[in-house]
Amino acid sequence: MTFVRLTLCVVGVYSMFLLWAIAQERLSVPFRSLDGTSADKFKSPLFMGTCQSALSSLSALLYLYIRRKPNQNLTHLLGLSPTKPAPATNGSAKSNGHVKHHAHVVSPKALLLRYLQCSLFITAAAPFGFAALSHISYPAMVLGKSCKLVPVMVMNVLLYRRAFAPYKYLVVALVTAGITMFMAFGTESPSNNKHARDGHPTLRHNIIGITYLLINLALDGATNSTQDEIFARHRVSGQQMMFWINLFCTLITSALSVLPLPYIPVLHPSASGESELAGALAFIRAHPSIVFPLAQFAATGALGQLFIFETLQHFGSLTLVTVTLTRKLFTMLLSVVVYNHKLTSGQWAGAGVVFAGISVEAWVKRKGKPPIPPSSSSTPKKEKANLKSL
């Protein structure tokens, strides 16, 4: 039964996020209009985020309901009961830095405010990640996202005064060197050289794309460091966090989507004075071919999160790190095959350096800690904190 569960989890993570990556890249390139006379890009990242977060929140709620304990009320089911902070021994001192815990009972209001904080970071980060795809290739995007450890460490130090093990600085150096090599040796323009026809130099687009990606990674780092703080101070499960963060994301993006906001680069690229929801619906009516990749993006993202939390709960962070590491590699390779990206030998070498750095992280964790047996109750706090490796 354990082998079957592990197989299902691995297959679920791989299949969902590989399909999610294909859909995300497809959404970043132009769609042919219904009359076939033009091709336009989808400029509604908030609408995309709303679709995914709404399905993710619903999926987490159904998961919690199905796995609920007998006589468990709604407050306990959603993790809103006042609790004492987790003991320091169950925190993330080794893997995510050292945290000082307070002895007072943590209120649900404080927990909800932390969830809201994560949701604001996620809502702000998503448009920058989507905009970066207009300036750099998807393999470069995947490789850059693999360097999430760098902003996570920086934000943990700046926001929560955590310290880190020495080997993590080696990992940071390797992934930074690798991504620098990948971008320096690249010759392909984004989106299969479409910008070359517009006369835009590749260097300019690389600089813009990297800037957007760095902003996205910095906000991701703030999100993950805040999630670490939640797991360190509150007794919540991964699925409870998944539900609340995605619920707040849905509320925020829905509200922003119906407001007639002015044109804001990256954050609101729709026409000035037009709500993003109206623009998105008009685009879907004129370009019906977007429906399938949009549905694929939302559904696979929601289901993929559930498989990740299931793997984390039953098999521990060591297994999860291995699965997510290889998944990122296959995501990049699949993008190269499906969308015919051309990588130079220098870029392959840079990718190898990045994944070598991530492998160091996985190797140290596997060498330093014995496997953690599955838990039938809540996910251990140390394992939850490893969500930043995703």
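Helices (H or I, at least four residues) and strands (E, at least two) are DSSP runs, numbered from the N terminus. By that rule, the protein has 15 helices and two strands.

Before going further, a word on the model. It is a predicted one, in which local features need pLDDT of at least 70 and side-chain atom pairs count only at pLDDT 80 or more, while totals for chains, interfaces and linings use all residues. Residues are numbered from 1 along each chain as its sequence is written, and side-chain values use heavy atoms, with hydrogens and water left out.

**The overall picture**

Of the 390 residues, 53% count as buried, meaning under 20% relative accessible area, with exposed over 50% and partly exposed in between (1.4 Å probe, protein chains only). The protein exposes about 17,400 Å², and carbon and sulfur atoms supply 70% of that area; accessible areas come from the Shrake-Rupley method with a 1.4 Å probe, and for residues only the protein chains shown count as cover. A contact means heavy atoms within 4.5 Å. Among contacts between residues at least 6 apart in sequence, 82% join residues at least 24 apart.

**Inside the protein**

A nonpolar core is a set of buried Ala, Val, Leu, Ile, Met, Phe, Trp, Tyr and Cys residues joined through side-chain atoms within 4.5 Å. Here are the two cores to look for.

| Core | Size | Residues, including |
|---|---|---|
| Largest nonpolar core | 45 residues | Leu-27, Phe-42, Met-48, Leu-143, Ile-290 |
| Second, separate core | 21 residues | Ala-60, Tyr-115, Cys-118, Val-236 |

Leaving aside residues up to four places away in sequence, Met-48 touches Leu-27, Phe-42, Phe-130, Leu-294 and Phe-297.

**Helices worth a visit**

Helix H10 (residues 202-233) holds both Arg-233 and Glu-229, four residues apart, about one turn of the helix. These two form a salt bridge, their closest N and O atoms being 2.2 Å apart. The term means a side-chain nitrogen of Lys or Arg within 4 Å of a carboxyl oxygen of Asp or Glu, and the structure holds one such bridge. Both Arg-233 and Glu-229 are buried.

Helix H11 (residues 238-258) has 21 residues and reaches 30 Å from its first C-alpha to its last, close to the 30 Å expected at 1.5 Å a residue. That expected span is 1.5 Å times one less than the number of residues. H11 is mostly covered, with 15 of its 21 residues buried.

Finally, look at Thr-324 in helix H13 (residues 291-338). Thr-324 counts as buried because its relative accessibility is 2%.
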